[in-house]
Amino acid sequence: MGARLGGILVLGALLAMALQAPAARADDEIVIGAALPITGPFAGSGLQTYQGLQLAEHDINAAGGINGKKIRFQVEDTQASNSVAINAFLKLERQNAPFIFLSSFTVQNLATEPEVRKAKVPVMYAGGGVAIAERKNPYMFRIRANDRLRAAAAAESVISVLKKKKVAIINVQDQYGTAAAEQLKKDLAAAGIAVVAVETHGIRDTDFAPQLLNIKNSGAEAIVAFAYIRDAGLMIKQRRSLGLTNIAFVSVSSVNEDSMLELVTLPDLENIIGVADAVLGQANPNGPRSVQFVKDFIERFKVPPDGFGSVYYDGAMIVAEALKKVGPDREKIREYLAGLKDYQGVTGSFSTAANGDMLHRLSIVEYIPGTKDVRVIKDVFDNK
Amino acid sequence: MTKRLEHKLGAVILFLALMGGAAFLSDFDLRLAILSILAAISVIGLYFAFGLAGMIHLAQAAFVGIGAYASALAAQQLHVSPWIGLVVGVIAAALAGALLAYPMHRTRSHYLALTTVGFSVSFEVIIRNWTSVTGGYDGLGAIPLLRLDTAMRSELEFFYICVAVLAACVVAAMLLRASPFGRALIAVRDDELAAAASGIDIARLKTKAFILCSAYGGLSGALYAHYGGFISPDDFGLARAIMLLSMLIVGGEFSILGAIVGAFFLTYLPEWLRFIGGGYMAVFGLFMLAVLIVMPKGIVGSLGAWLVPRVARSR
Amino acid sequence: MDAAFQQLMQLLLNGIAVGCIYAIMAISVQLAYETTGVVNFATGQLVMIGAVVGASFALSGRLGVGEIYVMTLASMVAIGLVFAVTVYWPLQSRSISTVVIGTIAVGIFLQNIALIFFGPLPAKGFSPVGDSVLNILGVVVPAHTLFASAATFILIGGLYCLLHYTSIGIQMRAIAQDVEVARLMGIRTTLVLAFTWALTWVFAGIGGLLLAPLWLVDVDVGDSVALKAFAAAIIGGFGSIPGAIVGGLLVGLNETLSAAYISTKYKDVLVFGLMIAFLLFKPRGIFGESVNERG
C-alpha cells in the first residue's frame with residue numbers, strides 16, 4: 001500500500017494535532033471557560049446561558065475589568081452529547097482557564113464531574129440534579145436551585161396555595177423529570193395528598209392528549225407538570241383546547257420565560273400558576289439592580305432574560321469578584337466561592353452551602369390577570 | 001529486501017517516537033486520540049459487516065452500548081475486574097449480534113439499513129427507560145476504571161492500553177481477512193451470484209460477519225465504559241451509529257486502514273472546526289459531502305489511487 | 001357520549017391528524033426513492049426547512065397566508081434544485097451506501113444552517129384557517145386538523161391522478177420502473193426526474209407547513225418525525241400511494257392509542273418494532289409493489 005501513503009497520513013495527523021494547539025492569549029486578558037450547548041437540540045437553553053455570560057463580560061469590562069485587565073469568556077460547544085461536553089471542558093482546561101462554567105444539563109454535568117476533580121479547576125453548573133451534589137466534588141458549585149427544592153415548591157403550591165387534595169403529575173421522561181416527579185410524590189405523600197395519576201411524555205412529544213385525557217379521567221383537581229419550554233407550551237395549549245382549564249395547572253420552571261410565553265396565548269394561561277426559577281425586574285428582592293439587568297439584556301439581545309440567563313450573569317459577576325480579590329488562582333477562587341455568603345445578584349441572594357449549592361430560593365407565582373406577567377405568591381427556601 | 005527492511009525499521013522507529021511524544025500531550029489531546037482509537041475499533045468491525053459483507057449497518061452504536069453496559073454492570077454488580085468486563089462486553093455484544101443477524105440475513109440494502117435504524121432507535125428507548133438495570137437517563141456512573149496502576153498519568157496510561165488493543169484488533173482483522181472466511185466474504189462482495197454458485201452459504205457468512213462486527217463494537221464499548229467511568233444512553237443512539245458508518249465510508253470502505261483513518265478524521269474534524277463558532281457543524285456537513293463527492297473511494301482509497309496509480313488495488 | 005368513548009374518539013382524531021402528516025412525509029420519501037433510488041435520510045430536515053421557512057415568512061408579518069404557502073413551496077423547489085445539482089447529481093453513480101451517507105451529510109448541513117438563520121428558539125406556527133377549535137359532541141377538533149386532513153387527501157388524491165392520468169405522471173412511473181428503458185423510449189428523463197425531485201421537496205414542505213401550527217416550529221422538528229415517516233412508507237409499502245396513506249394513518253394512530261392505552265414510554269418501540277417486522281418478513285409492506293433491486 002505504500003510507505004508513501006502511510007507517511008502522508010502520519011504527517012497529516014501530526015499537522016492536525018498541531019492545529020489543536022491552544023491559541024495565543026493576549027497577556028492583558030483573563031480568559032474564563034464556558035462549556036455550553038451552542039448547536040443541537042439543547043441550543044435553545046444554551047442560548048440564554050451564553051447571553052448571560054456575554055452581558056456580564058460587557059458589564060465587567062465596562063467597569064474597569066479585573067484590576068485593569070479585560071475578561072473574556074471562551075465558549076466551547078458541548079452539543080447534546082456527554083462525550084463532546086467532556087471534550088469541551090478539557091479543551092478549556094488545557095488553556096489554563098482559572099475557572100470554567102458548565103452547562104445546565106445534569107447528565108452533562110455528571111459526565112464531566114470526574115474530569116473536574118482530576119483537573120482541580122473550580123466550576124459553576126446549573127444542572128438541577130441532586131445526584132451531582134452527592135458526588136461531593138469540592139470544585140463544583142451549583143448556581144441554580146436544585147430539583148429537590150423544585151419538587152418541594154411544587155408540593156407547596158398544591159398544598160398551601162391551591163389547597164387541592166387530588167393531584168396528577170406529568171413529567172418529561174428524562175433525568176430531571178423522573179427525579180423531580182419521584183421527589184414530588186414523596187413530598188405529597190408526606191402531606192397526605194393523593195397522587196391520582198402519573199403520566200410521562202418524551203422530550204419533543206407532539207400530542208399530550210393521551211396523558212391529559214388519562215388525567216381528566218383520574219379525577220385530578222390539579223396537575224403538576226415538569227416539562228421543558230416547548231413541551232410545556234404545547235401542553236398548555238392542548239389543555240385548553242381539550243377544555244381542561246378547570247383543572248388547576250402548576251407549571252414548574254416553564255412559567256415566566258419569554259420563550260415559553262411567546263408560544264401561548266392569554267386564554268391558554270387560565271387557571272395556571274407556576275414555580276419560577278427567577279422573578280426578575282421590579283418584583284425581584286434586588287429590585288433596582290434587577291430592573292437594570294433586564295433593561296440591559298433586552299437592549300442587547302432583544303429578548304428578556306430568563307432564570308438561566310440571570311444566574312449565569314450572576315455567576316459571572318461572582319467570579320469577577322473572586323478574580324479581583326484573589327487573582328486567577330484556581331485553589332483560591334475555589335476557597336472564595338466555598339465561603340461566599342449573601343451575595344446579592346440580579347436573580348437573588350447567593351450563599352454557598354456545604355454541598356456546593358449557591359441559590360436556595362424558588363418562587364411560586366401567578367399571572368397578573370389580563371397579562372402574561374407574573375407576581376410572587378410565596379417564596380420557598382431550602383433550609384441550608 | 002533491504003528496502004523493505006528499511007521501511008519496516010522506519011515505521012517502527014516512527015511508531016515509537018509517536019508513542020514517546022504522546023507523553024507530552026495534554027489530557028485533551030490524549031482524549032481525542034483515545035476516542036478516535038475506540039471509534040476505530042468499532043469501525044473495523046463495520047469493515048467486516050459493510051466493507052466486506054456489504055450490509056448497510058446503522059446500528060453499530062447499539063452494540064457498542066451493549067458492550068459498554070454489560071461490562072460496566074459486570075464490574076459494578078459482579079465485582080469482576082474491568083479486564084474481565086471487556087470479555088463480558090464482547091460476548092454480550094456478539095450474542096446480541098447473533099440474535100439480530102439471523103432474521104436479517106435475507107434482507108437487502110435499504111431494507112436492511114432501515115431495519116438497523118429501527119433497531120438503533122428501539123435500543124435507545126429501551127436503555128433510557130429500563131431504569132432498574134441501566135440507570136435510565138441518569139446514566140451509569142462510578143464504573144471501575146481500566147488502568148494498570150503505573151506511575152503514568154491516567155490518561156496517558158489508558159492511551160497506551162488503547163494503542164495496544166487497537167494493534168491487536170488490526171492484526172486479528174488482517175488474519176481474518178486472509179483466512180478462508182475473509183476470502184469468502186470478498187468473493188461475495190465481488191459477485192454474490194457467482195459466490196453462491198460456488199457453494200458458499202451466503203446467509204451464514206453474512207451472519208458471521210455481523211456477529212464479528214458486533215464483537216468489535218462490544219469491545220469498543222467496554223473500553224469506553226472503563227475509560228471515563230460514566231456512560232449514558234446519549235452515546236449509543238442512532239446519531240452515533242450513523243457517524244460510525246460514515247467514518248468507514250469517508251475513510252475508505254475497502255480497507256482496515258480506511259476504517260482507522262475515517263475514525264480519526266471524523267473524530268477530529270468537529271474539534272478542528274470549533275473555531276468557526278456557531279456554524280461549525282454546517283461546515284462539518286459540507287466537509288463530509290465534499291469528501292464523498294471528491295474522493296469516491298474514501299480518503300484512503302483515493303489518496304492511495306492518486307499516489308500509486310500503477311499498482312493494482314487489491315482489497 | 002360517555003367519557004371513555006369520548007376519549008377514544010379524541011385519540012382517534014388526533015391520531016388521524018398526525019397520521020395525515022406522516023402520510024405526506026411518506027410520499028416525499030417515496031418520491032425521493034423514485035428519483036434517486038435511495039432512501040433520503042434528510043427527509044426530516046426537508047420537512048423542518050418547510051416549517052422554518054414558512055414560520056420565517058409568517059414572522060415578517062407582511063404576507064397573507066396564501067402568499068406564505070406559495071413562497072415557502074417555491075423556496076423549497078429552489079433549494080431542492082440546488083441540492084439536486086450540487087449533491088445528488090455528482091453522487092448519482094455511486095454506491096447506495098455513499099448516497100445514503102450523502103443524504104445524511106446534507107441533513108447535518110441543513111440542520112445547522114437552519115440553526116444559524118432561524119435561531120434555536122421555538123416559534124408558533126400559523127394556520128390558514130386560524131386558531132379556532134370546534135367542539136363536536138365533546139370531542140375537540142381544531143379547525144387546523146380538519147384543514148390538514150382535507151389537504152392531505154386532496155394532495156395525495158391529486159398526486160394519484162397526476163401519476164395515472166397525466167402524461168408527465170405516466171412518464172414518472174415509467175422511469176420508476178426502469179430508467180434506461182424509459183430513456184430509450186424517448187422520455188426526457190432528466191426533466192422528469194427534476195420534476196419528481198421538486199415534488200419530493202414540495203411534499204416535504206407541505207408536511208412542514210401543516211405540522212407547524214400543531215407542533216410549534218424549531219430546527220429540531222424534523223428529527224423525531226423522519227423515522228416515523230420511514231416507518232409509514234415501509235408499512236404502507238414503497239411505491240404505493242394508498243400505502244402511504246394507510247402507513248401514515250397506522251403510525252399516527254399508534255402514537256396516540258399506544259400512548260394512551262399501552263405505554264407512553266414504549267410507544268415508539270412499538271411502531272419501530274412493527275416496521276422491523278415488516279422489513280424482515282414483508283418488505284413490500286401492505287400494498288407494496290414488488291421489490292426492485294435498484295442500483
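**A charged pair and its surroundings**

Reply: A:Lys378 counts as partly exposed, at 32% relative accessibility, where buried means under 20% relative accessible area, exposed means over 50%, and partly exposed covers the range in between (1.4 Å probe, protein chains only). This is a predicted model, in which local features need pLDDT of at least 70 and side-chain atom pairs count only at pLDDT 80 or more, while totals for chains, interfaces and linings use all residues. Residues are numbered from 1 along each chain as its sequence is written, chains are lettered from A and ligands numbered from 1 in the order in which they are written, and side-chain values use heavy atoms, with hydrogens and water left out.

The partner of A:Lys378 is A:Glu156, and the two form a salt bridge whose closest N and O atoms are 2.5 Å apart. A:Glu156 lies in helix α6 (residues 147-162) of chain A and A:Lys378 in strand β14 (residues 374-381) of chain A, so this pair ties together parts that are 222 residues apart in sequence. The term salt bridge stands here for a side-chain nitrogen of Lys or Arg within 4 Å of a carboxyl oxygen of Asp or Glu, and helices (H or I, at least four residues) and strands (E, at least two) are DSSP runs numbered from the N terminus. A:Glu156 is itself partly exposed, with a relative accessibility of 23%.

Side chains of opposite charge can pair when their charged atoms come close, and a search of the whole structure finds 29 salt bridges over all chains. One of the pairs in chain A joins A:Glu113 to A:Arg117, with 3.1 Å from N to O; these two residues both lie in helix α4 (residues 106-119) of chain A, four residues apart, about one turn of the helix. A:Glu113 is buried, at 4% relative accessibility, whereas A:Arg117 is partly exposed, with a relative accessible area of 37%. Chain A also holds a network of salt bridges that links A:Arg144, A:Asp147, A:Arg150 and A:Asp277.

In chain C, the side chains of C:Arg183 and C:Glu180 meet in a salt bridge of 3.4 Å, N to O, and they both lie in helix α7 (residues 179-184) of chain C, three residues apart, about one turn of the helix. C:Arg183 is partly exposed, with a relative accessible area of 43%, and C:Glu180 is partly exposed as well, at 44%.

In chain B, the axes of helix α2 (residues 27-52) and helix α12 (residues 256-273) come within 8 Å and cross at roughly 140°. That angle makes α2(B) oblique to α12(B).

Helix α8 (residues 189-215) of chain C contains C:Phe203, a residue that is buried, with a relative accessible area of 4%. C:Phe203 and C:Ala26 are 177 residues apart in sequence, yet their C-alpha atoms are 9.1 Å apart in space. C:Leu216, in the loop between α8 and α9 of chain C, is buried with a relative accessible area of 0%, and its phi is near 65°, a positive value in a residue other than glycine. Most residues other than glycine have a negative phi, and most peptide bonds are trans. A positive phi is also found at B:His79, near 55°; B:His79 belongs to the loop between α3 (60-77) and α4 (82-104) of chain B and is exposed, with a relative accessible area of 66%.

Note on methods: Axes fitted to C-alpha atoms, helices over the stretch in contact; angles between N-to-C directions. Parallel < 35°, antiparallel > 145°, perpendicular 65-115°, else oblique.
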